[in-house]
Amino acid sequence: MIYVKSADEITGMRNACRIVAEVLKETGKNVQPGITTKELESIADKKIKSFGAKSAFLGYRGYPGIICTSVNEVVIHGIPSSQKLKNGDIIGLDVGVLYNGFCGDTAKTFAVGKISDSAEKLLNISELSLKKGLESCSADRRIGDIGSAIQATVEKNGFSVVRDFVGHGIGRNLHEDPQIPNYGKAGSGVRIPENCCLAIEVMINEGTWQVKILDDNWTAVTSDNKLSAHFEHTVLVKREGVEILTVC
Ligand code: MF3
Ligand code: CO
Ligand code: CO
């Protein structure tokens, strides 16, 4: 069931989402060659605490990190470690917080130093596909409209859409109905109600869409070890379109 938010619940979502956007921004500013993903996690941890919020990821289904740090071929759910970033890497930072009973969830993939032209193109097209997905979302449209817009943008540019992970409804829980695939047919799927909150997140691969999970049971990597990018916003759905809540 897709949960429709009351005015008070929307205020709660706005607050949680502004915080998570601040945390992502602050953490992203520190992305540079030589920093470890653990150090990035610790920067996010301090910022989350400074707002009196909590990580929505730590302990979620046993996840051991405060944020997700996904380097190069890691699609999502990279666990912060002693891995040092190097010039030319890309890193997806995914942050979720719980504040006053509500969750916010946002992700962005950053360049580490100077990256290759093909990596740059992957980041640009992935971010563009999220924008196209957001633009195709409004009250009374269907879930398939979102995935269809994302998939068309990605495939036209020679990249592929991950099938194994999807966007989601969000609210008091990190993951609520509906599931939002990043592929599909326009006009298909359930109708999107006004005043629901969705976390739309694209996971885009340079090569094959197929992924595998490493032995830590979390880290999702591309099957061909080529690059992958992740961008995510939590939005409020209105008649005229979405309001992006994860901005600051
Ligand atoms: N980042 C995922 C999302 O955006 C959820 C992470 S689950 C966790 O929906 F367990 F890794 F935290
Ligand atoms: Co996320
Ligand atoms: Co999410």
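Which residue takes a positive phi in the hairpin of strand 4 and strand 5? Select N100: its phi is near 50°, and the hairpin has two residues between the strands. Helices (H or I, at least four residues) and strands (E, at least two) are DSSP runs numbered from the N terminus.

The model is predicted, so local features need pLDDT of at least 70 and side-chain atom pairs count only at pLDDT 80 or more, while totals for chains, interfaces and linings use all residues. Residues are numbered from 1 along each chain as its sequence is written, chains are lettered from A and ligands numbered from 1 in the order in which they are written, and side-chain values use heavy atoms, with hydrogens and water left out.

**Strand 4 and its partners**

Select strand 4, residues 90–99. Eight of its 10 residues are buried, so strand 4 is largely enclosed by the rest of the structure; buried means under 20% relative accessible area, exposed over 50%, and partly exposed in between (1.4 Å probe, protein chains only). Two strands pair if DSSP finds at least two bridges between them.

- Strand 5 runs antiparallel to strand 4 and is joined to it by 10 bridges; the bridge partner of V97 is G104 in strand 5.
- Strand 2 (residues 68–71) pairs with strand 4 in the antiparallel sense over four bridges, with T69 opposite L93.
- Strand 1 (residues 54–55) is joined to strand 4 by two bridges, again antiparallel; here K54 stands opposite L98.

**The cobalt site**

Next select ligand 2, a cobalt ion. Its protein donors are D94 (OD), D94 (OD), D105 (OD) and E232 (OE), at 2.0 to 2.5 Å. Donors are N, O and S atoms within 2.8 Å of the metal (3.2 Å for Na, K and Ca); water is not among the atoms, so sites may look incomplete. Along the chain, the donors follow the spacing D-x10-D-x126-E. D94 lies in strand 4 and D105 in strand 5, so the pair ties together parts that are 11 residues apart in sequence. D94 counts as buried at 7% relative accessibility, and D105 counts as buried at 2%.

**Pockets**

A pocket is found on a 1 Å grid over the protein atoms alone, as an open set of points where a 1.4 Å probe fits, with protein on both sides within 12 Å along at least five of seven lines; lining residues have an atom within 4 Å of a point. A volume is the space filled by probe spheres set on the points, which are joined across faces, edges and corners.

Select Y60, H77, V166, H168 and H175, the residues nearest the centre of the largest pocket, which has 23 lining residues. Its volume is about 470 Å³. Strand 8 gives the most to this lining, with four residues.

For the second largest pocket, the space is about 330 Å³. Select L24, K108, E127, H233 and T246, the closest to its centre among 16 lining residues. Helix 1 (7–29), strand 5 (102–111), helix 3 (117–135) and strand 12 (228–238) each supply at least two residues of this lining.

Strand 3 pairs with strand 11 (residues 220–222) over two bridges, and V74 has V221 as its bridge partner.
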